[in-house]
Amino acid sequence: MDAVKIRKYHDDDGEAVREIFTMGMSEHVPSSFMHLLKQPLTQMVLMCSFCALLASSKSFLLPILALTLLLAGARHFVGYMFTSYIEDCLRKDLSHIGRSYLEQKDSFFWVAESEGRVVGTVGCLPAETAPGCLELKRMSVRRTHRGMGIAKALCQTVADFTRDRGYPSVVLFTSVVQTDAQKLYEHMGYTKIREFVIPEVIPRITNFSLVEYRLDLQPEGKRD
């Protein structure tokens with residue numbers, strides 16, 4: 001990782017940061033689709049549809065075609081949900097990164113740079129769901145630069161910033177399908193606090209859950 005440096009975000013990094021975030025999130029569409037297919041409700045709907053069409057048509061062709069269309073529709077739906085989430089993030093904190101992270105108290109945003117190119121990102125700000133803690137957000141590394149220790153360095157940067165500001169812990173949220181991220185956080189000393197389904201209709205139906213992690217840095221009583 002000699003050629004990679006972690007530095008403060010600059011305004012001209014914006015497009016690269018948004019590109020890395022978008023590409024990173026889009027990578028989870030296939031695993032989220034497989035997660036959907038593994039759900040009992042999904043399997044029941046597909047099986048009932050197949051059997052009903054087979055019984056009514058007396059042909060294998062129609063139910064197979066219908067099943068193919070259902071699967072294609074489900075894949076498109078998962079992609080649409082991720083696109084909607086990405087666009088929502090791009091409209092919010094990622095539309096004005098400097099304002100969201102650099103102009104607020106106890107908030108910051110870093111990029112990992114290699115040969116003049118932004119290859120990784122991470123930010124942190126006071127956690128809304130865990131008062132007295134900072135939350136790690138928007139961590140992503142370009143696929144071409146993974147396996148080089150960049151994600152670990154970004155995680156450590158947030159931990160050091162949090163400790164320097166006198167906060168006792170870092171919290172973060174990741175999804176159930178982001179298994180590589182979960183392994184990284186656990187390797188960095190994070191502890192899984194809870195796993196919960198997003199309290200919205202579609203995530204409940206698809207059993208799409210988030211995982212909360214926490215990294216304790218110092219006793220609560222030591223914070224000024």
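Relative accessible area classes follow a 1.4 Å probe applied to protein chains only: buried is under 20%, exposed is over 50%, and partly exposed lies in between. The close-up views show a predicted model, in which local features need pLDDT of at least 70 and side-chain atom pairs count only at pLDDT 80 or more, while totals for chains, interfaces and linings use all residues. Residues are numbered from 1 along each chain as its sequence is written, and side-chain values use heavy atoms, with hydrogens and water left out.

**View A. Asn 207 in the loop between α8 (201-206) and β7 (209-216).** Helices (H or I, at least four residues) and strands (E, at least two) are DSSP runs, numbered from the N terminus. Asn 207 is not a glycine, yet its phi is positive, at about 55°. Its relative accessible area of 36% makes Asn 207 partly exposed.

**View B. Arg 138 in strand β4 (residues 134-141).** Arg 138, a residue other than glycine, has a positive phi near 55°. With a relative accessible area of 15%, Arg 138 is buried. Most residues other than glycine have a negative phi.

**View C. The second largest pocket, with a volume of about 270 Å³.** On a 1 Å grid over the protein atoms alone, a pocket is an open set of points where a 1.4 Å probe fits, with protein on both sides within 12 Å along at least five of seven lines; lining residues have an atom within 4 Å of a point. Grid points are joined across faces, edges and corners, and the volume is the space filled by probe spheres set on the points. The lining includes Leu 36, Val 45, Phe 77 and Ile 205. Helices α2 (29-37), α3 (40-57), α4 (61-91) and α8 each supply at least two lining residues.
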